[in-house]
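Please examine the protein shown below.

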Amino acid sequence: MLKEILTSRGVPALKTREEMLDILQREEYGYMPPKPGSFTWTEKIDIENFCAGKATLKRVTLTSEIYGESFSFPIYAAIPKKEGKYPFFIYISFRNQETDRYMPMEEIIDNGFAVLSFCYEDVSNDCNDFEDGLAGIITRRVGRGATTPGKLAMWAWAAQRVMDYATTIDSLDLSAATVCGHSRLGKTALLCAATDERFFLGYSNNSGCSGASIARGTKGETVKDICETRFPYWFCENYFKYIDNEEALPFDQHWLIASIAPRRVYVASAREDQWADPENEYLGCVGASPIYDEHGLMGFVAEDRFPKVGDVFHDGMIGYHLRAGTHYFGREDWQKLMAYIKKHI
């Protein structure tokens, strides 16, 4: 049934990962900024006995050379104290704090995970200012054009620099790195994982339009809503061609999910978050699933119907759950995400 719905809407067939990433960057997000010419960091212990002494919290400043200029931003690194190799999250946060209302830090630590987090606005402001932070360097060096990166690509690039730092920490299990975010930062997390094969998993929480949700036939936010009236600076200028013209898109958002294959991806939805359109987020998983067949893997293992509250699909390379409630990244989401990771590492 669901595959027939995608076909009836004219959703494009999948291509190779390289082709999909090229088109997605050219037509939607802009091409990712280049890898840094050099990369350094400074760190200091912020809280020695963090989370009741279970972890150490460090405040770290990452510095990258890009287009001949130096760019720095701060992160927090919460690492469990017990010996061992820890799976970890790179969490793209809305706030410059070591904990966040969307991140139950002690519960995450208790489940055996480390967390490296950063505030997205420490990279570039969430507004149409392209003179600030990383955006300012890119504007000075290459200008603003049809395919230059929007803010989502810049934030995704920063998450990849956090991964650069993670590779220097002996207690982190580099085979179990998850990049995660909520809403606009869920879109960012998917783009980050799609363009960086070091990630075991990309997790999108309520990412909606231009994230996990199929654009064609959406009941929620549209390309016009997101580009014309709200957040045009998140994208490259080419994306504006598809305002009120989604049927002309040479891709749809299942391509973004599929570009993470053969690695894992997880999409989380909330029933009352109709702006993100849970049914179309679910269709994004269905549409991406066939690419895993080419790798001899199980993609999205779920029933051929739209999801119901309480559904949890954890058997395949594409994970999914639908919870009750609104647009939020809460404990229930984290618990399901951690359960999925533990099942598959």
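The largest cavity has a volume of about 30 Å³. The model is a predicted one, and the values below are computed from it.

**The cavity**

- The count of cavities of 30 Å³ or more comes to one.
- Eight names make up the lining of the largest cavity: Tyr76, Ser93, Arg95, Asn96, Gln97, Ser117, Phe118 and Cys119.
- Strand 5, which covers residues 114-119, gives the most to this lining, with three residues.
- By class, the lining of the largest cavity holds three nonpolar residues, four polar residues and one charged residue.

**The largest pocket**

- The space in the largest pocket amounts to about 220 Å³.
- Its lining consists of 17 residues, and those nearest the centre of the pocket are Ser183, Arg184, Arg230, Trp275 and His327.
- The lining of the largest pocket divides into six nonpolar, six polar and five charged residues.

**Aromatic pairs**

- A pair of aromatic rings is described by two quantities, the distance of the centres and the angle of the planes.
- The structure contains 30 aromatic pairs.
- One of them joins Phe94 and Tyr102, whose rings lie 6.1 Å apart centre to centre with 75° between the planes, an edge-to-face arrangement.
- Phe94 and Tyr102 are both buried.
- Another pair is formed by Tyr203 and Tyr266; the ring centres are 5.2 Å apart and the planes are at 50°, so this pair is tilted.
- The pair links distant parts of the chain, since Tyr203 belongs to strand 7 (residues 201-205) and Tyr266 to strand 8 (residues 264-270), and the two are 63 residues apart.
- Tyr203 is buried, as is Tyr266.
- Tyr203 and Tyr266 also belong to a cluster linked by ring pairs, together with Phe89, Tyr91, Phe113, Phe329, Trp334 and Tyr340.

**Charges over a ring**

- Which residue lies over the face of Phe130, at 3.9 Å from the ring centre? This residue is Arg144.
- The ring of Phe130 also has the charged end of Lys151 over it, 5.0 Å from the ring centre.

Note on methods:
Residues numbered from 1 in each chain as written. Predicted model: local features only at pLDDT ≥ 70, side-chain atom pairs only at ≥ 80, totals over all residues. Heavy atoms only, no water. 1 Å grid on protein atoms, 1.4 Å probe; cavity = no way out; pocket = protein on both sides within 12 Å on 5 of 7 lines; lining within 4 Å. Points joined across faces, edges and corners; volume = space filled by probe spheres on them. Nonpolar A, V, L, I, M, F, W, Y, C, P; charged D, E, K, R; others polar. Helix = DSSP H or I, 4+ residues; strand = E, 2+ residues; numbered from the N terminus. Phe/Tyr/Trp six-rings, centres within 6.5 Å; stacked < 30°, edge-to-face > 60°. Buried < 20%, exposed > 50% of the residue type's maximum accessible area, 1.4 Å probe, protein only. Lys NZ or Arg CZ within 6 Å of the ring centre and 35° of its normal.
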